Amino acid sequence: MKRLLILLAAILTIGVWGFSVFSDKSLSTKRQVEPYQIALVGPMSGKDQVYGKAMENGARLYINEYNAKRSNEERPLELVVHDDANNAEQAQKIAQQIATDNKTIAVLGHRSSRTTTPASTIYNTHKTPMIAGTATAPAVTKNKDWIFRVVPDNTLQGQFVARYAKSNGHQNISVIYDSDTYGTSLYESFKNSANELGLNAFSSHKLDTEVKNLNEQSKAIVSALAQGPKPDLIFLALHDDEGAIVIRDIKNRGFDWPMIGSASIGKQTFPQLFDGLPQEKKQPGFYTDNLLALSSLIFDVAGEKAQNFTHLYEKHYGIEADSSAAAYYDAAHLIGQALENGAWTEGMNHQQVRENIHAHLHDMKSPSNAMRGITGLISFDDNGNVAKSVHVGMFRDNRLVSATTQLQDIQNPRLVSSLDLSEGRVLEMNDNLFYKTDVIYTGISPINLTNFDPVTLTYEADFYLWFRGGADFDPHNIHFLNAIGDLEIGDAVEKRLNGQIPYQLYRIKGRFQAKAVKGRDAFGEYNLGISFRHQSLPGANLIYVADDIGMGGMQNWRNKIRKERLFDGSTDWAIRDAAVFQDSMRKEAYGNPELLSAVSDLSDYSRFTMMLSVSENRLRLRGIIPPAIQGTALALSILAVLGFMFIAEKNPGIHKEWPVWLSDVLTWMVLLSAGEAVILGWCAERWGHMYLQAISNGFEVAWWLIGGHFIQRAVALFVWAPLEKKTDRPIPRIVRNFGMVIIYALSVLGLLAFVFEQDLTKLLATSGLLAMIIGLALQPNLINIFSGIAISLEKSFKIGDKVKVNNISGEVVDMNWRATKIKTNDKTIISVPNGTMANTTINNLSSSNAVVKGDLTISLDRCFDPHMVMAKVKEIGEAIDGTDKIAISVKTVTTKHIEYAVKIVHATDADKDVVNRIWNEIWQFINELKPPQTESLQTDAA
């Protein structure tokens with residue numbers, strides 16, 4: 001029964017502990033209901049499978065988050081992945097299957113326009129909502145009320161390229177386009193916009209993808225371009241594979257023509273298409289450096305949400321996220337948002353849910369209903385296309401970064417002034433107005449962090465800050481948002497012009513405001529940030545972007561920051577994570593009518609932020625329970641503690657078993673960690689930070705004292721118990737109490753030092769003196785106790801043994817931690833201190849199961865030959881039964897006599913009168929001796 005109780009206790013505790021630490025879901029039991037299925041269709045095999053996997057990864061990341069946080073009443077989502085191998089016929093078969101089943105509530109996909117266009121017709125016919133994240137041909141959504149798209153379509157892309165070319169003064173433009181729906185729609189859109197803008201000097205070259213000789217076609221197009229005037233810009237209205245072929249042929253012939261690619265080319269993975277080419281191996285970036293490309297998302301200009309997404313994506317999948325992964329995360333997020341907003345209620349069939357999702361997406365055609373996603377604000381136009389601007393990227397060192405100039409649609413033309421037009425901050429093209437936005441590559445490198453105060457949440461920072469780009473950009477016009485006091489940027493450490501791009505480096509020192517991590521400051525976790533914006537130019541005119549290239553890549557920069565000891569060499573704080581990002585902040589209107597509009601372009605400023613997540617650099621068991629399960633873990637651990645108390649009451653000795661001890665330790669760790677988080681969170685919601693420090697200190701005290709309690713139990717279990725078993729005697733209470741006092745004293749000293757931050761120098765000096773006085777007073781007792789322990793471990797004798805210690809001979813009748821009791825031959829009990837026993841020679845006469853009984857002294861005249869006497873006495877003794885051995889030796893010699901010492905060794909079970917019989921025989925021998933002369937004879941028996 002006892003073993004069963006131990007096993008049950010261990011299983012219960014390990015279950016609570018393991019769930020609390022390793023589960024990322026609530027312990028509340030979710031109803032086992034059939035999930036709603038979201039279909040994702042893309043190339044999961046073949047040469048394009050890497051793109052299909054990115055689609056799946058992005059969507060699955062959101063669906064996992066949705067399922068983790070859903071309530072017990074909500075049905076889960078299941079991502080069902082279908083492989084169309086980027087084949088149009090296969091895509092249509094899959095679309096027909098999905099649209100007519102009774103489980104799928106929405107579709108994400110397909111990847112390319114050639115597969116998505118025919119498939120979207122089927123979905124629209126069967127009233128199945130579909131969201132595209134990569135297919136950009138206008139035909140995908142045109143006249144299809146159930147089809148939506150989260151990336152700019154080809155119409156917008158073609159128009160944008162024409163406007164971008166116009167804004168940069170390009171006249172002689174060549175377009176190389178794909179013969180399929182994707183390429184022709186890009187070309188037609190560009191051509192129409194170019195004609196409207198007066199860009200008539202352009203040529204076009206079609207790449208017929210239906211024919212297999214793409215290499216020959218590409219070389220012919222490059223030769224044709226080489227025979228004409230040098231193009232100011234080449235627009236590659238191609239898929240990424242075809243675009244790579246054309247770029248390869250242009251670069252291999254040594255042409256350095258400016259090029260801008262479609263969104264299919266504008267992906268972080270595009271440079272990988274050139275891996276293995278000789279020139280690329282010799283000079284990385286040979287084919288893509290300075291290549292411009294359109295993109296729905298460039299991470300260096302994206303906000304904190306996008307940076308968190310990339311970090312989470314890399315953590316889950318071990319690879320870098322691209323824009324398509326982010327787009328399909330957003331697409332799945334739109335479905336989840338629809339369900340959260342009431343697209344599903346109990347009793348609905350799948351078609352009703354489809355209709356409600358469609359209605360939700362349709363309502364997002366108003367900007368006021370936009371969803372903030374990874375790729376930005378998402379709302380739809382009348383055709384279901386996302387209503388947002390296109391970004392221009394530039395490949396540098398095989399990475400896609402923001403180009404130095406961007407164009408942004410003006411949402412409110414009434415706010416544009418003549419000054420904006422005259423200074424070139426606003427461009428007017430074909431009666432349309434656009435902001436010309438300068439991109440400033442911004443990098444930061446912290447040198448030193450000092451004087452961080454968790455109470456006032458302030459710290460001092462010394463760091464490098466640099467800017468690349470913006471011919472008219474003046475760094476002295478930046479405003480540090482979390483600086484304490486006025487912070488001047490000072491003179492540049494270095495300034496130079498790299499081509500046409502200015503570079504300016506500054507070293508800045510200042511005091512800044514930090515922030516406590518919400519709900520985690522009690523656990524010593526804080527965010528140390530440096531944040532700034534331009535004083536006057538809004539985000540429509542200037543955007544700060546993280547200098548990904550200058551900082552050596554975000555992941556490398558993050559790893560470098562985490563490894564460096566930035567806290568002035570101190571090890572008290574550690575940097576757990578680091579991030580650099582730009583986002584938008586709204587300027588306070590203060591009654592300014594121009595800034596009161598919610599859609600004002602002039603009220604949003606580009607904000608650049610470096611954020612360092614720091615925590616106290618010490619081992620912590622606090623705060624290890626994930627927030628989602630803290631409440632349930634607390635309840636279960638309380639039940640477990642009560643259960644152990646009940647078991648211990650029924651079986652008092654059970655606490656001496658190590659599985660029970662381990663179960664207790666784990667359960668109390670869960671209880672304290674979860675309890676602290678729940679109580680601190682509850683108090684923070686009601687009283688703010690008023691009582692948090694006191695409550696946190698109370699829990700810290702509990703951690704130290706309860707930890708001391710379990711260490712004391714561990715000593716009893718793993719030290720005292722084995723020692724008692726080995727020595728076959730109980731540990732003295734004074735020893736147990738002394739060890740317990742030391743453990744609890746160390747716990748108190750620890751909490752004084754680490755919880756209340758007290759200087760222990762004086763306290764330790766006082767306690768050391770006190771300990772010395774007590775130690776001197778108890779020294780004899782302590783010597784005896786520890787000597788007793790040593791004797792017990794050594795086992796040189798035991799109770800019942802016949803021993804001789806100094807001049808004391810007798811039988812050991814008792815052994816304790818202070819003394820050993822010996823009963824002599826005359827029945828006297830002598831108590832010998834263990835210290836004496838340990839420091840003297842002990843003759844154990846019972847070591848061979850024999851004892852010494854009696855010492856005899858014989859005094860004879862010197863006239864008798866000693867050799868003859870000793871031999872005769874020995875012969876007499878050994879002749880008597882029961883005698884094992886008899887020893888005789890000369891003890892003393894005087895002028896008249898010689899004294900002989902006789903020792904008799906006999907078995908413990910021998911006759912008790914054996915010594916008397918031996919003595920009688922020896923006495924008879926002495927009386928029969930005939931001295932050569934008359935001698936006096938004496939005998940003494942001892």
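Visitor: At about what angle to strand S6 does helix H6 run?
Guide: In this predicted model, helix H6 comprises residues 181-197. The helix lies across three strands, namely S6 (173-178), S7 and S8 (233-237). Relative to S6, the direction of H6 makes an angle of about 155°.

Visitor: In what order do the seven strands of the open sheet with mixed pairing stand?
Guide: The pairing in this open sheet is mixed. Its edge strands are S7 (202-207) and S14 (399-402), each of which pairs on one side only. Neighbouring strands are turned against each other by 25° on average, direction ignored. Read across the sheet, the order is S7-S6-S8-S9-S10-S13-S14.

Visitor: Which residue in S10 stands opposite Ile-260?
Guide: Strand S9 covers residues 259-261, and strand S10 covers residues 292-295. The two strands pair in the parallel sense over two bridges. Opposite Ile-260, the residue in S10 is Leu-292.

Visitor: How are helices H7 and H8 oriented to each other: roughly parallel, roughly antiparallel, roughly perpendicular or oblique?
Guide: The axes of H7 (residues 214-227) and H8 (residues 240-252) come within 9 Å and cross at roughly 50°. Angles under 35 degrees would count as roughly parallel, and those from 65 to 115 as roughly perpendicular.

Visitor: Is the crossing of H7 and H8 left-handed or right-handed, and how many charged residues does their contact have?
Guide: The crossing is right-handed. On the H7 side, Leu-214, Asn-215, Ser-218, Lys-219 and Val-222 take part, and they meet Glu-242, Ile-245, Val-246, Arg-248, Asp-249 and Ile-250 in H8. By class, this contact has five nonpolar residues and two polar ones, and the number of charged residues is four.

Visitor: Is Ala-224 buried, exposed or partly exposed?
Guide: Ala-224 is placed in helix H7. Buried requires a relative accessible area under 20%, and exposed requires one over 50%. Because its value is 38%, Ala-224 is partly exposed.

Visitor: Which strands stand at the edges of the five-stranded open sheet?
Guide: The strands of this sheet follow the order S2-S1-S3-S4-S5, with parallel pairing. Each edge strand has a single partner strand, so one side of it is left without a neighbour in the sheet. The edge strands are S2 (77-83) and S5 (147-149).

Visitor: Which residue in S4 is the bridge partner of Leu-108?
Guide: Strand S3 (residues 104-109) pairs with strand S4 (residues 130-132) in the parallel sense. Two bridges join these strands. In S4, the bridge partner of Leu-108 is Ile-131.

Visitor: Which strands of this sheet does helix H12 touch?
Guide: Helix H2 (residues 49-69) packs on the sheet, touching S1 (36-42), S2 and S3, and its direction makes about 165° with that of S2. Helix H12 (residues 350-363) also packs on the sheet, its direction making about 50° with that of S3. The strands touched by H12 are S1, S3, S4 and S5.

Visitor: Is His-350 buried or exposed?
Guide: His-350 is found in helix H12. Leaving aside neighbours within four places in sequence, it is in contact with Asp-101, Asn-102, Lys-103, Thr-104 and Ile-105. Its relative accessible area is 17%, and buried means under 20%, so His-350 is buried.

Visitor: How are H2 and H10 oriented to each other?
Guide: The axes of H2 and H10 (residues 304-317) are 11 Å apart, and the helices pack at an angle of about 105°. An angle of 65 to 115 degrees counts as roughly perpendicular. H2 and H10 are therefore roughly perpendicular.

Visitor: How many nonpolar residues does the contact of H2 with H10 have?
Guide: From H2, the residues are Ala-54, Asn-57, Gly-58, Arg-60, Leu-61 and Glu-65, which meet Phe-309, Leu-312, Tyr-313, His-316 and Tyr-317 in H10. By class, three of the residues are polar and two are charged. The number of nonpolar residues is six.

Visitor: What distance separates the C-alpha atoms of Leu-61 and Leu-312?
Guide: Leu-61 lies in helix H2 and counts as buried at 2% relative accessibility. Beyond its neighbours within four places in sequence, it is in contact with Phe-309, Leu-312, Tyr-313, His-316, Tyr-317 and Tyr-329. Leu-61 and Leu-312 are 251 residues apart along the chain, and their C-alpha atoms are separated by 8.7 Å.

Note on methods: Residues are numbered from 1 along each chain as its sequence is written. This is a predicted model: local features need pLDDT of at least 70, side-chain atom pairs count only at pLDDT 80 or more; totals for chains, interfaces and linings use all residues. Side-chain values use heavy atoms; hydrogens and water are left out. Two strands pair if DSSP finds at least two bridges between them. Helices (H or I, at least four residues) and strands (E, at least two) are DSSP runs, numbered from the N terminus. Contact means heavy atoms within 4.5 Å. Axes are lines fitted to C-alpha atoms, for helices over the stretch in contact, and angles run from 0 to 180 degrees between N-to-C directions. A crossing is left-handed if the near helix is turned anticlockwise from the far one by less than a right angle, and right-handed if clockwise. Ala, Val, Leu, Ile, Met, Phe, Trp, Tyr, Cys and Pro count as nonpolar, Asp, Glu, Lys and Arg as charged, and the others, Gly among them, as polar. Angles under 35 degrees count as roughly parallel, over 145 as roughly antiparallel, 65 to 115 as roughly perpendicular and the rest as oblique. Buried means under 20% relative accessible area, exposed over 50%, partly exposed in between (1.4 Å probe, protein chains only).
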